[in-house]
Amino acid sequence: MSVPTDVVVVGAGLAGLVAARELVAAGVEAVVLEARERVGGRTLTLPAADGTPIDHGAQWIGPTQDRIAALAASVGVTTYATWDRGLHTEFRNGRALRVDGRLPAGDPGTAAAMGLAIRELDAMAAAVPLEAPWTAERALPWDSQTAESWLQGRVADEGARAWLRTALRSTLAAEAGELSLLHTLFIIRSAGGFAQLIETAGGAQERRFHQGAQSISIRLAEALGERVVLGAPVRAVRHDQTGVVVEADGHTVAARRAILAVPPALAGRVAYRPPLPGWRSQLTQRVPMGSVVKVHALYEEPFWRHDGLSGLAVGDHGPVEVVYDNSPDSGTPGVLVGFVEGQDARAWGRLSPGERRTAVLECLVRYFGEPAGRPRELLERSWAEEEYSGGCFAGYFPPGVWTSYGRALREPVGPLHWAGTETATVWNSYMDGAVRSGERAAAEVLAALGS
Ligand SMILES: Cc1cc2nc3c(=O)[nH]c(=O)nc-3n(C[C@H](O)[C@H](O)[C@H](O)COP(=O)(O)OP(=O)(O)OC[C@H]3O[C@@H](n4cnc5c(N)ncnc54)[C@H](O)[C@@H]3O)c2cc1C
């Protein structure tokens with residue numbers, strides 16, 4: 001038997017929950033079908049052994065991420081500044097250099113070359129229209145090459161190339177050789193500039209949530225009550241001009257419109273009757289998810305702070321290339337968070353638990369000395385293993401996809417609308433983009449329903 005409603009939303013991540021909240025606020029009923037037994041999607045906050053909330057998924061929020069900031073404030077979730085005081089660590093060629101100020105600093109030639117490259121990327125990014133990247137004057141040449149081929153052609157300094165590869169990996173969880181240059185420029189523009197992507201103070205890593213990022217979705221879902229159905233993976237969507245019937249395990253929902261608030265790759269796993277037009281179906285075959293493993297090491301206290309270190313480390317030797325101080329606002333326990341991304345994340349899945357532990361601790365000891373090798377707890381989460389994420393931080397566009405399929409990203413198909421951070425124009429791939437996409441999809445549906 002199918003339950004009737006106005007709008008069925010697929011996915012209870014930030015995008016889907018925000019869309020449902022907007023619809024309900026406008027007097028339109030909604031049912032949210034969520035595959036997992038929890039809400040929040042790519043946000044996941046679990047207590048460590050001592051109860052400290054650990055964000056295994058998204059965690060940071062920064063300036064201009066106004067929609068996630070407003071949403072968090074509206075549900076009483078508060079923020080604090082990421083710990084950023086002390087000397088940063090630059091690990092190159094077997095040596096840990098302590099740096100007061102901006103990285104990289106070890107080689108002035110490399111720092112200068114990197115500055116020039118970033119200025120050039122920012123200038124090119126400014127020419128990418130956020131609503132339609134494929135209409136940029138140089139869209140075709142930019143979408144016909146990878147970020148790696150651009151680096152090889154334009155950045156002579158080997159050290160600068162290595163840094164930029166690390167920066168892209170830690171932003172998009174993919175290798176520079178996998179990313180369309182046009183997509184790379186779109187992401188830079190969508191964030192407001194390269195610095196906004198990589199900086200802590202003034203950038204995307206500036207603040208964290210006291211209660212953990214997932215608490216925003218949990219509070220949204222509480223307010224939506226029985227409208228949110230967990231453990232209901234959507235398998236099939238039947239649609240025509242009069243409406244949709246969405247079939248999930250154990251649930252069938254009939255509605256006038258549907259919002260699919262899942263990444264394109266996961267939207268492509270659903271069976272559509274009639275099948276979707278080729279331009280939409282093929283888009284979903286071409287936007288793979290990034291590869292990332294997030295690791296947390298917990299200590300009695302943040303011992304690196306006593307050594308005058310900030311806890312931020314960037315190294316040339318994986319698998320953990322980037323580390324931040326992730327201690328709670330109180331400063332206890334001491335927590336380091338590290339990221340394994342791109343090719344290293346793929347290799348990760350083939351290592352034994354013992355090999356993975358050794359690999360992480362070797363990196364942390366390289367950056368912070370022997371005490372880093374003795375955490376009281378070591379936690380890891382590999383997002384490629386998550387059936388209903390398929391990878392993280394987000395779906396990315398390889399060469400040729402924006403120019404061939406870009407228009408299909410948000411274009412509704414009959415009563416079917418698309419949301420999720422991958423569809424955002426501002427802060428695409430981030431929580432803020434997810435919120436904006438949910439708001440946009442709800443507005444689209446309300447307009448279509450004449451509400
Ligand atoms: C390790 C990691 C670190 C990150 N760090 C940051 C950060 O610091 N700051 C930041 O802003 N962003 C960060 N991100 C990205 C951020 O998490 C995402 O941009 C955002 O959460 C995406 O929200 P969404 O609603 O678009 O998608 P999702 O959160 O993926 O929500 C989609 C939902 O749909 C469900 N679903 C999938 N398929 C089906 C189906 N067939 N039927 C029913 N339900 C289905 C999923 O279970 C999920 O709940 C990070 C992500 C990861 C994984």
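Which element gives the most to the lining of the second largest pocket?

1. Basis and overall form. The model is predicted. The protein has 451 residues, for which a compact globule would have a radius of gyration near 22 Å; the protein has 22 Å, so the two agree. Along the principal axes, the C-alpha atoms fill a box of roughly 65 × 50 × 40 Å. The secondary structure consists of 16 helices and 22 strands. Of the 451 residues, 57% are buried.

2. The second largest pocket. The answer to the opening question is α6, with three residues in the lining. The space in this pocket is about 270 Å³. Two or more lining residues come from each of β8 (87–92), β9 (95–99) and α6 (158–172). The lining is made up of Glu-90, Arg-92, Asn-93, Arg-95, Leu-97, Gly-106, Asp-107, Thr-110, Gly-159, Ala-162, Trp-163 and Asp-316.

3. By class, the second largest pocket is lined by five charged, four polar and three nonpolar residues. Among the lining residues are Glu-90, Arg-92, Arg-95, Asp-107 and Asp-316, and these count as charged because Asp, Glu, Lys and Arg make up that class.

4. The cavity. How many cavities of 30 Å³ or more are there? The count comes to one. The largest cavity has a volume of about 30 Å³. Its lining consists of Leu-260, Val-262, Pro-263, Pro-264, Ala-267, Arg-280, Trp-418, Ala-419 and Thr-423. By class, the lining of the largest cavity has seven nonpolar residues, one polar and one charged.

5. Arg-280 and Trp-418. Both residues belong to the lining of the largest cavity. The charged end of Arg-280 also sits over the ring of Trp-418, at 3.6 Å from the ring centre.

6. Ser-281 and Ala-267. Ser-281 is placed in helix α11 (residues 278–284). With a relative accessibility of 27%, Ser-281 counts as partly exposed. Ser-281 and Ala-267 are 14 residues apart along the chain, and their C-alpha atoms are separated by 9.1 Å. Ala-267 is one of the residues lining the largest cavity.

7. Aromatic pairs. The structure holds 14 aromatic pairs. One of interest is Phe-339 with Phe-393: the ring centres are 6.3 Å apart and the planes stand at 65°, so the pair is edge-to-face. Phe-339 lies in strand β20 (residues 334–341), and Phe-393 in the loop between β21 (377–382) and α15 (401–405), so the pair ties together parts that are 54 residues apart in sequence.

8. Accessibility within that pair. Is Phe-339 buried or exposed? Phe-339 counts as buried, because its relative accessibility is 6% and the cut-off for buried is under 20%. Phe-393 has a relative accessible area of 25% and is therefore partly exposed.

9. Further aromatic contacts. One aromatic cluster is formed by Phe-91, Tyr-299, Phe-303, Trp-304, Tyr-367 and Phe-368. Elsewhere in the list of ring contacts, the charged end of Arg-305 sits over the ring of Trp-83, 3.6 Å from the ring centre.

Definitions and conventions:
Residues numbered from 1 in each chain as written. Predicted model: local features only at pLDDT ≥ 70, side-chain atom pairs only at ≥ 80, totals over all residues. Heavy atoms only, no water. 1 Å grid on protein atoms, 1.4 Å probe; cavity = no way out; pocket = protein on both sides within 12 Å on 5 of 7 lines; lining within 4 Å. Points joined across faces, edges and corners; volume = space filled by probe spheres on them. Helix = DSSP H or I, 4+ residues; strand = E, 2+ residues; numbered from the N terminus. Phe/Tyr/Trp six-rings, centres within 6.5 Å; stacked < 30°, edge-to-face > 60°. Buried < 20%, exposed > 50% of the residue type's maximum accessible area, 1.4 Å probe, protein only. Lys NZ or Arg CZ within 6 Å of the ring centre and 35° of its normal. Rg over C-alpha atoms; globule rule 2.2 N^0.38 Å.
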